[in-house]
Amino acid sequence: MTESNLFEQQAANRRRSTWLTVGFVAFTGWIGFGGDWGLYLLTRDAVEGYRHVVPGIGAVFTAIAGAVAWHAWARGPEQVLKSAAALELLEAASPDQMRLNNVVEEMAIASGLPKPRVWIIPDSDPNAFSTGQDPSRAHVAVTDGLLRALDRDELQAVIAHEMAHIRNYDIRLLTLLAGMVGAIVLLSDLCRNFLRFGGRVGGRRSGKRDANPVAIVVLTVWLITLLVAPIVSRMMAMAVSRKREFLADATGAQLTRNPEALARALEKLDGASAATRSITKGTAHMCIVDPAERRLHGGLGDRFASHPPIGERVRRLRAMAFAPAA
Amino acid sequence: MGMLIVLGILVVAVFWAIGAYNGLIALKNRVLNAWKQIDVQLKRRHDLIPNLIETVKGAMSFERETLEAVISARNKAIGAQGVAATAKAEGELSQALGRLFALSENYPDLKATGNVAQLQEELTSTENKIAFARQLYNDEATLYNTKQLQFPTNLIAGIANASPAELWAIEDAAERAVPKVDLGFNKPPTA
């Protein structure tokens, strides 16, 4: 019964994040090609003069977005680790580090994946994240504070959560999403500057003849989308990230078969109120708990949060546990 | 026209059969690989035990029976063949080790030496790795067993030479009651 709950949760999470990702790509496509479509409708019936048939805006946008996303893809993991000042754990120097190394090995076995590279962030606030392109090139990073705050079972639960991100290819998805958001923000800025300049030039042409009403609607909608694109794209990325957190909690619990330990670990991490200073804003959505100082709960705050409320995560984990761990 | 439809159905059927066959072979190899993972961890445990005995021998010399039980359980486990027999022998070894650990709690000076704390962490981790490798093996084996019995893949199972993989069951009632032998070692090492 509990098992089916867990697998149902996984399936539901996967479906939702698939749709969100599809929506994200469609949104990006609309930003690129919507303008082309509007201009095409507007100039389709023109007897003479310019007819917009080549989707130039879309082509340029796709190229720029592709370049930005590729850069985030190829260099992202390296930059994330570097910005957090993480040090790779090669030779365990203390009992804590030995334990961490062993726990990562254990979870790699449980998930049937190669052991990821292990990094330690010199920060006293407990937090952890994973990054990388795919399971064979994955990294797990934890803070000093995490090693000190958690017992063995809780550490295992946190590492299982990170291994779940790796196994579910969240590390890839989140790296790509960060790239896409970056590209959209860049393009939106570019367009706004272009329109401010181009609007004056185009103004003279209008009034010559009645424009196609459909074209006007399409172009208006496109312009409005451009203006709100940075906000909407960030909200969508955060929504994907929140769903993946639930999924990673569920998969992590499947690996350790001990959801209670993760629930306890999350409560401990939530209780540590200080911000994880060494983790920058761009990496926030990769961490096991939001590294920001204090989180806004409810309403709009939750829309922009990279993580679901801890209380909700703990509640779902406890619902999976058949009995409190001995 | 009718010929074409029959031919089309035949082509689809052949492609499906190839896919199902390859799927079963892939699953079978995953089961074999998971079994190898258990093997690796069991070997590691067997290698660690002489070390452990050597370290605690001095302080616990009058617990000779317990020490000897561990050694003989280890030797029996090394010789075991097949899933069921290995599972049984390893279960006994886990129990023997559990008794040794429980007794070692009575020797505080033993725990005080860093060497023992390190060995304990290693053994705890190895026990966990065995448990997780076993879990992975059972999950993969269940997936494989389910697939080869489900319709329509079961039509191909004979051709792919698929037979149900044996699950690693815990034979011993005592071990089932206390699935973790590392109780009390979950605390971070004190050294």
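**Ile18(B)**

I started with Ile18(B), which is exposed, with 11 other C-beta atoms within 10 Å. My cut-offs here: with C-beta atoms placed from the backbone, a residue is buried if 20 or more others lie within 10 Å of its own, exposed if 12 or fewer, and partly exposed in between. Ile18(B) sits in helix H1 of chain B. I take helices (H or I, at least four residues) and strands (E, at least two) as DSSP runs, numbered from the N terminus. From the C-alpha atom of Ile18(B) to that of Ala34(B), 16 residues along the chain, I get 24 Å.

**Ground rules**

This is a predicted model, so I note that local features need pLDDT of at least 70 and side-chain atom pairs count only at pLDDT 80 or more, while totals for chains, interfaces and linings use all residues. Residues are numbered from 1 along each chain as its sequence is written, and chains are lettered from A and ligands numbered from 1 in the order in which they are written.

**Chain A overall**

I counted 10 helices and 4 strands in chain A. From the N terminus the order reads α-α-β-α-β-β-β-α-α-α-α-α-α-α. Of its 326 residues, 44% count as buried. Contacts (C-beta atoms, placed from the backbone, within 7 Å) between residues 24 or more positions apart make up 75% of those in chain A with a separation of 6 or more.

**Cores**

Next I looked up the nonpolar cores, meaning sets of buried Ala, Val, Leu, Ile, Met, Phe, Trp, Tyr and Cys residues joined through C-beta atoms within 7 Å. The largest has 100 residues, and Met107(A), Ala141(A), Val158(A) and Ile159(A) touch the most other members. Helix H7 (residues 213-256) of chain A gives this core its largest share, 13 residues. Leaving out residues up to four places away in sequence, Ala141(A) touches Leu81(A), Ala84(A), Ala86(A), Trp119(A), Ile121(A), Ala128(A) and Phe129(A). A second, separate core of 13 residues includes Ile49(B), Leu52(B), Leu100(B) and Phe101(B).

**H8(A) against H10(A)**

The axes of helix H8 (residues 259-271) and helix H10 (residues 310-320) of chain A come within 8 Å and cross at roughly 165 degrees. That makes H8(A) roughly antiparallel to H10(A), the label for angles over 145 degrees; under 35 is roughly parallel, 65 to 115 roughly perpendicular and the rest oblique. I fitted the axes as lines to C-alpha atoms over the stretch in contact, with angles from 0 to 180 degrees between N-to-C directions. Residues making the contact include Leu262(A) and Leu266(A) of H8(A) and Val314(A) and Leu317(A) of H10(A). By class the contact residues are 8 nonpolar, no polar and 4 charged. Ala, Val, Leu, Ile, Met, Phe, Trp, Tyr, Cys and Pro count as nonpolar, Asp, Glu, Lys and Arg as charged, and the others, Gly among them, as polar.

**Chain B on chain A**

The contact takes 16 residues from chain B and 12 residues from chain A. On the chain B side, H1 (2-57) and H5 (114-149) each supply at least two residues, and H5(B) has the largest share with 9 residues. That side has 8 nonpolar, 5 polar and 3 charged residues.

Most residues other than glycine have a negative phi, and most peptide bonds are trans. I noted a cis peptide bond joining Phe151(B) and Pro152(B), with omega about 0 degrees. Tyr169(A) has a positive phi of about 60 degrees and is partly exposed, with 15 other C-beta atoms within 10 Å. Arg257(A), with a positive phi of about 55 degrees, lies in the loop between H7 and H8 of chain A. Arg257(A) is buried, with 20 other C-beta atoms within 10 Å.

Conventions:
Two residues are in contact if their C-beta atoms, placed from the backbone, lie within 7 Å.
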